[in-house]
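Have a look and see whether you read it the same way.

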Amino acid sequence: MTAQLEKVPWADDRMLEPVDGDVRLAGSGIGVDLLAMILARGGLQVTVSQEAELAPVAVTTVPYTAELLHLLADRFSVPEIADLAMFGRLPAWLQASSGVKQSLGFVYHRSGRAHDRSENVQFSVPGEHAEWHAYLPDVQRHTKKLAQRYGARYTTGPLPGTGAHAVTLVCAGTSASQPGMLSGTADFEDVTPFEQIKPPKDDGYTQPWSEGATVHGFRGGWVQVAAFGNHPGSRNAGCAVSVSVPASEVGGSGDLDAALTALCQRYPDIGLQLRGARRKGPWRQTGDAGARTGPNGDPVREDRSDAGARTGPNGDSVREDRSAALVLQLGLDRGEVLFGQDFTLLLELVHASAAILLAPGALATPEASAAAMRDIERFQQSLLSYQEDFSHAGRIATRSFQSWNAFLRAWLLWSISSALALKKVRLDAVRAGNWAAASQFDQGVGWFDLAPGIAKTVDGCAEAMKAVERQAVLPTVAAGRVFKLLSQRRVIPPLYKFGDPAARRYRLSLPTRLKLLAWTFTVAPKAYRGMLTADNITAVPDQGRHSAFDATEGKQ
């Protein structure tokens, strides 16, 4: 399939010729809407059977999320998707219901103790970005109407039959449940900003916690707080509270209210922030509360390799007959919220699915369609496995502040590097009209090239966490290994003191940018010179432009 993806099937804002084929989507949510929008824009006949389901409350974005949204907009000529990349480009009515995200903060807690101010980390969002907390009930209303404008048809009943050849995608949750975990998100009101619990003169943070997303980490899990009413134009005083804990914490009952109450009692400062808070909407529950846990209460992961599945003569897995339907994981109901990983994974799946289905000839025959669906499924499984490993490594890291601190930096390095690398790929592709560099889907999670040495470094950090799980090393020893990896001067860009455990505040200042420029043209690998240019680091689209979908239409 990759060879067919070198050119987009259009050269400007008008389709040169329609793409033959029918695509039927069964499901609902922002991922379904984005895919329907893109496929309809590409000339396919798209029908969405919208299931009545409880929408998640929120997702939060990071710079890599924004870059994926820009990629979708540029590659598939759907400029309205780019408006979702930055808070300043949202329609005013969406800004009013959603929150800004000027930082990503992490506060570590120990059972029965007040929070130690030396055990928090805060990453500020660079000024050229505009991340946000998306209030999904409104965002999904917006994306559905956009998809309809591009020609996607929505129905509340079963998918209609068709005499023509059609591809059916059954859209489900983002990822497999984390065994032994109880997770969920709900809308709360009257949540106290954490800076009122720990005033700035005592805490030393760079920005107020409530102006970003705050993750309260503790052994085995976390609680994330993301406010919507944290900017002057807000009309939404709610706050998305996400919980992810071992099911053993609540005796496997699956009661998230009981889990949150227990956490507030065990960790005093989480209790202070949520004291008086009231849940005003249902929990969007995820996870697998009934799964097994080990003797220390940590989750025991099941083998999800499907080793007993049938295989064909070439070794490929043989799927059971699903009425020619691929189960595409485009929901946000089963993913983890840590670092916005649930949303980024969803966008990567939308991108790959659209690129594969819109490739010339991809839907020309039932055999070609089946091959396209196998390509999508293989790519999807690679992402889902990565997502599960990522979340599991994060839980291992919570066993000490030192390992948690190290894990956070490894993630930040990956996130920044991925955003910069993908931005270069996107800008190069726009100039050349060739998207092959963003179409290496047979490589799974490595579907575009990162900077030299980054993937190896991040993999080394994950191996250090696995050594902790095997009880081969203590968490503090694993943290030391990670910090050593993050101190490689020739590989790690000086955006931040990644290898210094004491550097717990990140803000991309002008001196840091100048230092980065000097590093790029001296000791850095040559590949960085094409990635870390002034335009690539600072240039962003016009934040003042909104799509034609104005406030009046948004309220319908």
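1. Let's begin with the open sheet: 3 strands in the order β3-β7-β4, with antiparallel pairing. β3 (58-60) and β4 (99-101) stand at the edges with a single partner strand each, so one side of each has no neighbour in the sheet. From one strand to the next the twist averages 20°. Strands here are DSSP E runs of at least two residues and helices are H or I runs of at least four, numbered from the N terminus; two strands pair if DSSP finds at least two bridges between them.

2. A caveat: this is a predicted model, where local features need pLDDT of at least 70, side-chain atom pairs count only at pLDDT 80 or more, and totals for chains, interfaces and linings use all residues. Residues are numbered from 1 along each chain as its sequence is written, and side-chain values use heavy atoms, leaving out hydrogens and water.

3. β3 and β7 share 3 bridges in the antiparallel sense, and Ala58 sits opposite Tyr135 in β7.

4. Among the buried ones are Tyr64, Glu67, His70 and Arg75. The cover includes α1 (30-41), α3 (79-82), β7 (131-135), α10 (341-357) and α12 (401-432).

5. After α2 comes Ser77, with a positive phi near 55°.

Key. Buried < 20%, exposed > 50% of the residue type's maximum accessible area, 1.4 Å probe, protein only. Contact = heavy atoms within 4.5 Å. Axes fitted to C-alpha atoms, helices over the stretch in contact; angles between N-to-C directions.
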